[in-house]
Structures are given as structure tokens and as C-alpha cells.
Amino acid sequence: MESATEPGRREQNKRRTHEALIHAAARLFQENGYEATTVRDIAAAAGVGERTFFRYFPSKESLILQHVRDFIPLLEEAIRARPQGETPLAALRNAVLELAGRDDWAAGILLAGPQPLSTAPSGRGERFLLFDLEEAVASAFLDRMTVDGADPGAPDSVLRASVLARAGVGVLRALRLTYARLPEATRDEIGVLDFAHAAFATLTDAEGHTEESE
């Protein structure tokens with residue numbers, strides 16, 4: 001007879017295997033590049049066989065897409081938890097850096113692959129991840145504005161949250177695209193966190209120049 005603890009143990013083992021595959025993929029993508037890394041490489045680095053990999057992910061691209069899905073609610077929660085004195089874009093930047101600095105989160109995997117933030121579904125049932133990410137960030141921004149006294153239903157509040165969210169997500173997309181195009185040797189020299197800081201600074205600097213010119 002199966003003990004009451006067996007299902008719990010199985011779930012823990014599945015979670016450990018899932019995390020091992022994610023972290024192995026992130027490390028190999030960083031070291032060898034996305035295209036040069038095979039499913040066999042990822043499975044071996046995680047200490048499992050290829051058949052085990054395919055029980056968790058249909059492909060290495062699906063591994064990245066799943067990690068993005070997992071990232072969205074974490075980012076939304078982290079933005080809401082930032083100090084209220086931060087501007088929306090500062091809250092987004094600091095939330096991203098906070099998640100990227102966590103030991104249990106393979107942040108580097110978000111920079112890998114051909115199109116992990118695709119605007120179109122790659123197969124039946126595939127969700128529009130970019131839209132979902134933008135909507136989650138906009139929702140968190142709108143909540144922060146409401147705390148400051150703004151009417152969450154007012155058109156100008158909704159518009160401001162939407163515009164800032166899509167500008168911020170645009171920084172994340174530009175960061176990924178630029179990072180992917182860098183030579184491998186250059187990527188090894190650049191810290192991801194420093195690169196993210198520079199990406200957000202570019203947007204905030206541009207915003208400041210625009211205000212000064214008006």
C-alpha cells in the first residue's frame with residue numbers, strides 16, 4: 001500500500017528535477033550558446049536522461065517559454081512589493097534586478113533562445129507571452145498608482161499604466177536582443193545585472209532629455 005507521504009515525495013522529486021533542468025539549461029546556454037546546446041547536453045548536466053527531459057518539456061524552446069510563464073507572476077508580485085516612493089519604471093527595474101539576484105532563479109535563461117518573448121503563439125494553446133507580461137506589469141503599475149490616490153478606472157490612469165508597462169517591457173526585450181547579438185567573449189565579460197541597469201538607464205535618461213526639451 002502506498003504511504004501518505006509518497007505523493008508528496010514524488011512531487012518534491014519532480015520539482016527538483018524541473019529546477020535542475022532549468023538551471024542546467026541556463027548554465028549551458030550561457031557557456032555554449034543556445035543553438036550549440038542540445039537537449040542531451042541539458043539532460044546530462046541535470047543528471048537525467050533525455051527521456052526524462054521530454055517528460056517535462058517538449059523542446060528546449062518550451063523550457064524557456066515555461067520559465068517566462070513562471071517569471072510573469074513573480075515579477076508582478078515583486079513590482080507591487082517595491083517601496084511606494086519608487087517611480088513605476090524604477091519599481092520594474094528593481095523588481096527585475098531583485099529576481100535576477102536570487103540564487104533559486106535562473107535569470108540568465110530569460111536572455112536565451114531565439115524568441116522567448118514572442119508576440120505570436122508557437123503552437124495550439126500557446127499563450128501570447130509578451131501580451132501577458134505587459135498586462136501583468138500594467139496591472140502592478142495601476143495598483144501602485146491607486147495607492148497614490150489615482151482613480152484606477154480613470155482613462156488617464158489606465159493609459160499611463162499601459163504606456164509605462166509597455167515601455168518597461170520594451171527595455172527587457174531590447175536587453176535580451178542586444179545581449180543575444182553580442183559575441184560570446186563579450187557576453188562573458190558583461191554582467192547581466194550591470195547590463196540591465198544600463199538598459200533601464202537608457203530609457204530614464206531619454207525621458208529626462210525629453211522633459212528638458214519641452
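In this predicted model, Leu130, Phe131, Leu133, Glu134, Glu135, Val137, Ala138, Phe141, Leu142 and Met145 of helix H6 meet Ser157, Val158, Arg160, Ala161, Ser162, Leu164, Ala165, Arg166, Val169 and Arg173 of helix H7. By class, this H6–H7 contact splits into 13 nonpolar, two polar and five charged residues. Here nonpolar covers Ala, Val, Leu, Ile, Met, Phe, Trp, Tyr, Cys and Pro, charged covers Asp, Glu, Lys and Arg, and polar is everything else, Gly included. Contact just means heavy atoms within 4.5 Å.

A word on ground rules. Because the model is predicted, local features need pLDDT of at least 70 and side-chain atom pairs count only at pLDDT 80 or more, while totals for chains, interfaces and linings use all residues. Residues are numbered from 1 along each chain as its sequence is written, and side-chain values use heavy atoms, with hydrogens and water left out.

**The overall layout**

The chain has nine helices and zero strands, so the pattern along the sequence reads α-α-α-α-α-α-α-α-α, with helices (H or I, at least four residues) and strands (E, at least two) taken as DSSP runs numbered from the N terminus. Of the 214 residues in the chain, 40% are buried; buried means under 20% relative accessible area, exposed over 50%, and partly exposed in between, with a 1.4 Å probe and protein chains only. Looking at contacts between residues at least 6 apart in sequence, 66% join residues at least 24 apart.

**Helix pairs**

Two packed helices are described by the angle between their axes and the distance between the axes. The axes are lines fitted to C-alpha atoms, over the stretch in contact for helices, and angles run from 0 to 180 degrees between N-to-C directions.

| Pair | Axis distance | Angle |
|---|---|---|
| H6 and H7 | 8 Å | about 130° |
| H4 and H5 | within 9 Å | roughly 125° |
| H4 and H6 | within 8 Å | roughly 10° |

On the naming scale, angles under 35 degrees count as roughly parallel, over 145 as roughly antiparallel, 65 to 115 as roughly perpendicular and the rest as oblique. With an angle of about 130°, H6 is therefore oblique to H7. At roughly 125°, H4 is likewise oblique to H5. At roughly 10°, H4 ends up roughly parallel to H6.

As for handedness, H6 passes H7 in a right-handed crossing, and H4 passes H5 in a right-handed one too. The rule is that a crossing is left-handed if the near helix is turned anticlockwise from the far one by less than a right angle, and right-handed if clockwise.

Where H4 meets H5, Phe71, Leu74, Leu75, Ala78 and Ile79 sit against Ala91, Leu92, Ala95, Val96 and Leu99. Between H4 and H6, the H4 side includes Leu65, Val68, Phe71, Leu75 and Ile79, and among the H6 residues are Leu133, Val137, Phe141 and Arg144. This contact has twelve nonpolar, one polar and six charged residues.

**The core**

The largest nonpolar core has 57 residues, and those with the most contacts inside it are Leu63, Leu75, Ile79, Ile109, Val137 and Phe141. A nonpolar core here is a set of buried Ala, Val, Leu, Ile, Met, Phe, Trp, Tyr and Cys residues joined through side-chain atoms within 4.5 Å. Elements giving two or more residues to this core are H1 (5–32), H2 (39–46), H4 (60–81), H5 (88–100), H6 (129–147), H7 (155–181) and H9 (192–213). H6 gives the most, with ten residues.

**A few residues up close**

Leaving aside neighbours within four places in sequence, Phe141 is in contact with Ile79, Pro88, Leu89, Leu92, Ala161, Leu164 and Ala165. Leu92 belongs to H5 and is buried, with a relative accessible area of 0%. Beyond four places in sequence, Leu92 is in contact with Leu75, Ile79, Val137, Phe141, Gly168, Val169 and Phe200.

Asn94 is also found in H5, and at 15% relative accessibility Asn94 counts as buried. With neighbours within four places set aside, Asn94 is in contact with Arg82 and Glu86.

Leu203 and Leu89 are 114 residues apart in sequence, yet 9.1 Å apart in space, C-alpha to C-alpha. Neighbours within four places aside, Leu203 is in contact with Leu89, Ala167 and Val171.
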